[in-house]
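Please open the structure in a viewer and keep the selection tool at hand.

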Amino acid sequence: MNNGNMTFIRETIERRSGIALDEDKAYLIENRLEAIVESSEYPDLDSLINQLRLNQEDGLWSRLIEALTTNETSFFRDLHPFFALERDILPKMIEAREEDRQLRILSAGCSSGQETFSIAMAIDAGFPQLTDWTVDILGVDISPEMIDRCQTGVYKQLEVQRGLPAIKLLKYFKQDGLTFSINEQLKTMTRFEQRNIVDAWPSGERFDIIFLRNVLIYFSQEGQKTVLHNIREHLAPDGYLLLGVENAAELDDSFQRETIGQATVYRLRP
Ligand SMILES: C[S@@+](CC[C@H](N)C(=O)[O-])C[C@H]1O[C@@H](n2cnc3c(N)ncnc32)[C@H](O)[C@@H]1O
């Protein structure tokens, strides 16, 4: 593929999704485009690129972006954020929301749902006092395929073997041969939507806790700043943001860094 086409594709993906594809990812882009050509009506790469250049909302860009995302995830990934959630964040939030009796949690870039269901399991197992509260746990991802998987809630043996304690596997999953389905209770505690977190978020939506783990690491600095701007608008003033290795305070000075045990969290500056 010529340089002009490659630059056009990299820049458009970054503008649309926030995802940064450095020059060394050219092989990956070309590889994914070839796969789309093979499974589509386009005879060759050039005609596919011509169609992409028309910039129509025909799902072609979404397919390409979906093919370029990294969906790596696991239950209770990295553990420490979940310890912080159970031991510090939730107890404080429950006290702060005693009157409203409502908690809103976002799992942004939720991939196949392991993070979102881990949050639901942590709440169900550790906070029986929330049973008569409104607890909204929303998982969003740019990939329709991932959202489909979240809504189905079926995992392979290898997936439940990663990070999920046996006691939780027994309590929250039903085994069917080599697959494990999330039980109805966890399904009713969670909901999933396909969303691009770079776009403006629905107005009036407010979250007490936002998990945005291992997502911004794939974004350009511009994309990271756009998402943090969206979070700033939609995180409760006393809310918590949990990232992966990124430093929100360096990217956006409305955030300050705090440490809870071995986890780093971000809060809005007063
Ligand atoms: C590596 S996974 C992280 C999953 C989970 N948060 C974790 O820490 O295990 C990154 C996810 O972010 C999603 N993603 C990438 N860009 C996105 C965007 N602009 N809007 C929403 N989700 C996005 C990808 O589809 C992918 O499922």
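Does F82 count as buried or exposed? Select F82 in this predicted model: at 3% relative accessibility, the residue counts as buried, because the cut-off for that class is under 20%.

**The whole chain**

Next, display the entire chain as a cartoon. Twelve helices and ten strands make up its secondary structure. Along the principal axes, the C-alpha atoms fill a box of roughly 60 × 50 × 30 Å. The radius of gyration is 20 Å, which agrees with the value near 18 Å that a compact globule of 270 residues would have.

Switch to a surface view. The chain exposes about 13,400 Å², and carbon and sulfur atoms supply 46% of that area. Of the 270 residues, 50% count as buried.

**Aromatic pairs**

Now show the aromatic side chains; the structure holds nine aromatic pairs. Select F75 and F173, which form an edge-to-face pair with 5.7 Å from centre to centre and 90 degrees between the planes. This pair links distant parts of the chain: F75 lies in the loop between α4 (60-68) and α5, F173 lies in strand β4 (residues 173-176), and the two are 98 residues apart. Both partners are buried, F75 at 1% relative accessibility and F173 with a relative accessible area of 9%.

Move on to F76 and F82. Their ring centres are 5.2 Å apart and their planes stand at 70 degrees, so this pair is edge-to-face. F76 is buried, with a relative accessible area of 6%, and F82, the opening selection, is buried at 3%.

**A buried arginine**

Where does R97 lie? Select R97 in the loop between α5 (80-96) and β1 (102-108). This arginine is buried, with a relative accessible area of 11%. Which residues does R97 touch, not counting those up to four places away in sequence? Display Q102, L103, W133, D208, A236 and D238 to see these contacts of R97.

Definitions and conventions
Residues are numbered from 1 along each chain as its sequence is written. This is a predicted model: local features need pLDDT of at least 70, side-chain atom pairs count only at pLDDT 80 or more; totals for chains, interfaces and linings use all residues. Side-chain values use heavy atoms; hydrogens and water are left out. Helices (H or I, at least four residues) and strands (E, at least two) are DSSP runs, numbered from the N terminus. The radius of gyration is taken over C-alpha atoms; the globule rule is 2.2 Å times the number of residues to the power 0.38. Buried means under 20% relative accessible area, exposed over 50%, partly exposed in between (1.4 Å probe, protein chains only). Accessible areas come from the Shrake-Rupley method with a 1.4 Å probe; for residues, only the protein chains shown count as cover. Contact means heavy atoms within 4.5 Å. Rings of Phe, Tyr and Trp (its six-membered ring) pair if their centres lie within 6.5 Å; planes under 30 degrees apart count as stacked, over 60 as edge-to-face and the rest as tilted.
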